[in-house]
Amino acid sequence: MQGRIALEGMEFFAFHGYYDEEQKIGNKYGVDLFIYTDLQAAAQTDELPKTVNYELLYKLVYEEMKVPARLLEHLGHRIIDRVFQKFPHLKQVKINIYKFNPPLGGICHKAKVTLKEKR
């Protein structure tokens, strides 16, 4: 039974950005994480070890958000790598990372990057 587990709308204040000023003053970022895996054992047994613990997923994202990156693409790649390291049985991971009110010189609610990887 293939399924998807999602953590959507995670928000962090972090110090990412291409420009040095962005890394000094910080900004608010959002993350949506989607993992694809077999959920049959969890559905049948009702046991946490048979699925992916949401708390551990959140912790991985939180830890990576604390490490500054210039590009959202790089940050997303790091998070995907960490998720696959912790849960090697996963089939696919997709992530949206967005920066709220990016410094573009005009009105833009968020700049978003989406990455998806299968293993």
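Visitor: How many aromatic pairs does the structure hold?
Guide: A pair of aromatic rings is described by the distance of the centres and the angle of the planes. This is a predicted model, and the structure holds 6 aromatic pairs. One of them joins Tyr 18 and Tyr 19, whose ring centres lie 5.2 Å apart with 85° between the planes, an edge-to-face arrangement. Another edge-to-face pair is that of Tyr 98 and Phe 100, at 5.4 Å centre to centre and 85° between the planes.

Visitor: Is Tyr 98 buried or exposed?
Guide: Tyr 98 counts as buried because its relative accessibility is 7%, and buried means under 20%.

Visitor: Which residues form one aromatic cluster?
Guide: Phe 12, Tyr 58 and Tyr 62 form such a cluster.

Visitor: What pattern does the protein follow along the sequence?
Guide: The pattern is β-α-β-α-α-α-β-β, and the secondary structure comes to 4 helices and 4 strands. The C-alpha atoms fill a box of roughly 50 × 25 × 20 Å along the principal axes.

Visitor: At what angle do the axes of helix H3 and helix H4 cross?
Guide: Two packed helices are described by the angle between their axes and the distance between the axes. Here the axes of H3 (residues 54–65) and H4 (residues 72–86) cross at roughly 145° and come within 10 Å. The crossing of H3 past H4 is right-handed. Among the residues that make the contact are Leu 57, Leu 60 and Met 65 of H3, together with Ile 79, Arg 82 and Val 83 of H4. Sorted by class, this contact has 8 nonpolar, no polar and 5 charged residues.

Visitor: Which residues touch the most other members of the largest nonpolar core?
Guide: In soluble globular proteins, nonpolar side chains tend to be buried together. The largest nonpolar core in this model has 28 residues, and Met 65 and Val 83 touch the most other members. Strands S1 (2–14), S2 (27–38) and S3, along with helices H3 and H4, each give two or more residues to this core. The largest share, 6 residues, comes from H4.

Visitor: Which residues does Val 83 touch?
Guide: Leaving out residues up to four places away in sequence, Val 83 touches Leu 33, Ile 35, Leu 57, Leu 60, Leu 90 and Val 93. As for contacts in the protein between residues at least 6 apart in sequence, 60% join residues at least 24 apart.

Visitor: Where does Asp 46 lie, and what is its phi?
Guide: Most residues other than glycine have a negative phi, and most peptide bonds are trans. Asp 46 has a phi near 60°, a positive value in a residue other than glycine. Asp 46 lies in the loop between helix H2 (40–45) and H3, and is exposed, with a relative accessible area of 75%.

Visitor: What is the phi of Asn 101?
Guide: The phi of Asn 101 is near 50°, again a positive value in a residue other than glycine. Asn 101 is placed in the loop between strand S3 (92–100) and strand S4 (110–118). Asn 101 counts as exposed because its relative accessibility is 55%, and exposed means over 50%.

Definitions and conventions
Residues numbered from 1 in each chain as written. Predicted model: local features only at pLDDT ≥ 70, side-chain atom pairs only at ≥ 80, totals over all residues. Heavy atoms only, no water. Axes fitted to C-alpha atoms, helices over the stretch in contact; angles between N-to-C directions. Left-handed = near helix turned anticlockwise from the far one by under 90°. Contact = heavy atoms within 4.5 Å. Nonpolar A, V, L, I, M, F, W, Y, C, P; charged D, E, K, R; others polar. Buried < 20%, exposed > 50% of the residue type's maximum accessible area, 1.4 Å probe, protein only. Core = buried A, V, L, I, M, F, W, Y, C linked by side-chain atoms within 4.5 Å. Phe/Tyr/Trp six-rings, centres within 6.5 Å; stacked < 30°, edge-to-face > 60°.
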